[in-house]
Amino acid sequence: MSGARANAVLERALQISREIMEAAAGGDAVRAAGLDAERRRLLESVRIGLNSIDDEGRRLLGEIAHLNDRSIGTMEHRLRATARVLDMAAVGQRAMRAYSATRAPENMGR
């Protein structure tokens, strides 16, 4: 694979990385995973077909790595936020059960 062809493949991988970031920001993990698989195939084709990468290729790889880190961070943040919501729902459910057991009988005090 020529350096120019490798850079074209890396440009497409960078474009996919941007799409992954958008999917991560929107919480679409399924789409992000599908795009990641496509990007991985492209990156592997460059790795297999090229012995050395020029400066432009290294710049593209750096940008891809940066976007990948941001996407992972975004997905982890969304995961923690969802876990907090579920934890609070579980706490509320336990509280409902506990307080409903202490309710006064309806016929008392009449």
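Modeller: Gladly! Let's start with Asn7, which touches Asp54, Glu56, Gly57 and Leu60, leaving out residues up to four places away in sequence. This is a predicted model, where local features need pLDDT of at least 70, side-chain atom pairs count only at pLDDT 80 or more, and totals for chains, interfaces and linings use all residues. Residues are numbered from 1 along each chain as its sequence is written, and side-chain values use heavy atoms, with hydrogens and water left out.

Biologist: What makes something a contact?

Modeller: Contact means heavy atoms within 4.5 Å. The side chain of Asn7 also reaches the backbone nitrogen of Gly57 at 3.4 Å. A polar contact is a pair of N or O atoms within 3.5 Å; within protein, one must be able to donate a hydrogen and the other to accept it, and residues adjacent in sequence count only if both atoms are side-chain atoms.

Biologist: Why is Asn7 called buried?

Modeller: Buried means under 20% relative accessible area, exposed over 50%, and partly exposed in between (1.4 Å probe, protein chains only). Asn7 has 13%, so it is buried.

Biologist: And why is Gly62 called partly exposed?

Modeller: Its relative accessible area is 40%, so Gly62 is partly exposed.

Biologist: How do you know that the protein has three helices?

Modeller: Helices (H or I, at least four residues) and strands (E, at least two) are DSSP runs, numbered from the N terminus. The protein has three helices and zero strands, giving the pattern α-α-α along the sequence. Asn7 sits in helix H1, while Gly62 belongs to helix H3.

Biologist: What makes a nonpolar core?

Modeller: It is a set of buried Ala, Val, Leu, Ile, Met, Phe, Trp, Tyr and Cys residues joined through side-chain atoms within 4.5 Å. The largest one has nine residues, among them Leu10, Val46 and Ile64. Helix H1 (3-25) and H3 each supply at least two residues of this core, and H1 gives the most, with five.

Biologist: Which residues does Ile64 touch?

Modeller: Beyond residues up to four places away in sequence, Ile64 touches Leu10, Ala13, Leu14, Ser17, Arg39 and Leu43.
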